[in-house]
Amino acid sequence: MKILVCVKQVPDIDAPVDIDVGGQWVGPAPTFRMNRFDEYALEEALLFKETFHDVDIDAVSVGPARVQTVIRRAMELGADTGVHIEISQEGYVPPEVVAAHIQEYARDKGYDLIVCGAMSEDGMHAQVGPLLAEMLGLPSITAVIAARMQADGNRLDIEQEIEGGIRRRFELSLPAAISVQSGINHPRYPTLTNVLRAKRQPIVHLVAREIKVNSRFCFRAAPVAKQGVMITGTLREQAVEVLRILHEHAIL
Amino acid sequence: MDTRIVIIAETIGAVVLPVSYELVTLARAIDPTHIEMIVLGTDSTAAAHEIAGRTGVPVTAVATSTEYTPELWKDILSRNIPVCNPDLVVIAHTACGQDFAPGLAARLGAPCITAVESFFRIDNNLTFTRAVLNGKVLMDVSTDTSRPCVLTILPGAFEAYSAIPPAPGAVEIIQSEAKPCKILPYGMSHPEEEDAIPLSEAETIVSAGRGIGKPENLELIERLAARFKRSAVGGSRPLCDLGWLPYRQQVGLTGKTVSPKLYIACGISGSPQHVAGMKNSQLIIAVNKDPHAAIFQVADFCIVADLVEFIPVLLEEQDKI
């Protein structure tokens, strides 16, 4: 069985980050890491590999040279092969472009299963998985919170998480694509064997052709503290003010 | 210039989800004259009559052979939508909408803009706004207006349409022969409810996000919550994913939608998915060490501080009273 896992490198959004109207980084380059949803996607593929013999996992990422660090990370975690589809320029890449590049690479590779994260933490489109599936003519299910391979290896029993924690159940025939929700599993840490292997093993490198984008977009900072009152001062002054407000609202 | 809009209503069984009426509000704000709705499902006729009665919009009910699967919905909608020749196809940014909208757009040869929160016009060109980077940055997207464009709208971004229409909209019923093939539906399961005070009934919710740093710090959140009557501890999705809190305590689109008297957000960045689940709280106090955190956009009172330092001081000060 051949599994393709799509991984994205994202800026660490817990740290202060900013971008300009064109989608380029403003100020010092942020710290980059693997998109958390993709860690769950990779772990799900690794779990299939543990259950079924003869599973090959390729990890693919689209972006400039820096994304090789997340491809390397995927290999350290257990992906058999890393694939880098290189786009030379920095900055925002729309989901339809990412999906089109992966589709070009994947269309003649005969993958039985494609696993993506539910969305990227930076773009938050939640589109690459279902778009890629559509481009490849594969059935796809998103927001997957449980996936169990049937014994024959031809079908998956899927639970999809919808609002309020309710789950829809499906049976999905392979080849197919799934986008996994965070919390579906517990992503592992790299093993020393895989770390050493990932260091030596070359990454498959392709250069992306140019794809035209039809939508126009620009970015701007979200308005901060639209109506809210900023409580300033020392910690103690802030605490006293919060207590005063709670008394005023008759809550404490 | 006229904008023709087709709304895909979302239902579970015969129940019309409130977000379907929010989509009507958005559509009417864009162009109230050319709106029609499509509702799919095994019980779509009852849902169609309810929607037509409450909105005055003409509704096409497609009676399907089975419950929802993305394959079936894409198949039916990609054949029915071109008949309406719309400029915009409006879908809810729910798990279900996210599931079929991108593939449907590709099948229609249309661009897809997801998680839209607002729109504006410049010279008659529609531009849609959505959040990126966990809500710290906004992205304005516009597309070539000559083609249909598929939108998914974040639940809670618009009020549900509630005006009483002069007359109900017309209802047309279509029987679909389409059968699921690669994806078979097998029903639903509901989460178990347990809890001393469920989130939905708490008057005060003290919620924690990744900013608490380590699970041991949850004790601070619990100690703070214990100071309020009828209180509960909540959390953001990432915290539940880490296993630090059970999912039944998750606030947000994929968890609980709450509106307590007081909501204290501790170390929560404020992603649109979380905010949609708590923004109707009566009073919101946010503590976060990142002054640019998106949670400050919805908070009534904002405290830029490390909660691990701030909460003990707050508890100490309260003890003095």
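Me: How many bridges join β13(A) to strand β17 (residues 301-304) of chain B?

Reply: Strands of a sheet pair through backbone hydrogen bonds, either parallel or antiparallel. Two strands count as paired if DSSP finds at least two bridges between them; strands are DSSP runs of E with at least two residues and helices runs of H or I with at least four, numbered from the N terminus. Here two bridges join β13(A) to β17(B), and the two strands run parallel. Within β17(B), B:F301 is the bridge partner of A:V229. This is a predicted model, in which local features need pLDDT of at least 70 and side-chain atom pairs count only at pLDDT 80 or more, while totals for chains, interfaces and linings use all residues. Residues are numbered from 1 along each chain as its sequence is written, and chains are lettered from A and ligands numbered from 1 in the order in which they are written.

Me: What is the strand order of the open sheet that contains β13(A)?

Reply: The open sheet has six strands in the order β13(A)-β17(B)-β16(B)-β15(B)-β13(B)-β14(B), with parallel pairing. Its edge strands, each pairing on one side only, are β13 of chain A and β14 (231-235) of chain B.

Me: In which sense do β9(A) and strand β12 (residues 183-189) of chain B pair?

Reply: β9(A) and β12(B) pair in the antiparallel sense, over five bridges. A:R167 stands opposite B:S189 in β12(B).

Me: How many residues of chain A are in contact with chain B?

Reply: Two residues are in contact if their C-beta atoms, placed from the backbone, lie within 7 Å. By this criterion 66 residues of chain A are in contact with 74 residues of chain B. On the side of chain A that touches chain B, α6(A) gives the most, with eight residues. The residues of that side divide into 36 nonpolar, 16 polar and 14 charged; Ala, Val, Leu, Ile, Met, Phe, Trp, Tyr, Cys and Pro count as nonpolar, Asp, Glu, Lys and Arg as charged, and the others, Gly among them, as polar.

Me: Is strand β10 (residues 176-180) of chain A enclosed or open?

Reply: In a regular strand the side chains alternate between the two faces of the sheet. A residue is buried if 20 or more other C-beta atoms lie within 10 Å of its own, exposed if 12 or fewer, and partly exposed in between, with C-beta atoms placed from the backbone. Five of the five residues of β10(A) are buried, so this strand is largely enclosed by the rest of the structure. A:A176, A:I178 and A:V180 are buried on one side, and A:A177 and A:S179 on the other.

Me: Which strands pair with β10(A)?

Reply: Strand β6 (residues 113-117) of chain A pairs with β10(A) in the parallel sense over five bridges, and A:I114 has A:A177 as its bridge partner. β7(A) also pairs with β10(A) in the parallel sense, over three bridges, with A:V144 opposite A:V180.

Me: At what angle do the axes of helix α2 (residues 68-77) and helix α5 (residues 192-200) of chain A cross?

Reply: Axes are lines fitted to C-alpha atoms, for helices over the stretch in contact, and angles run from 0 to 180 degrees between N-to-C directions. The axes of α2(A) and α5(A) come within 7 Å and cross at roughly 140 degrees. That makes α2(A) oblique to α5(A); angles under 35 degrees count as roughly parallel, over 145 as roughly antiparallel, 65 to 115 as roughly perpendicular and the rest as oblique. A:R72, A:M75, A:E76 and A:L77 in α2(A) meet A:N194, A:V195 and A:A198 in α5(A).
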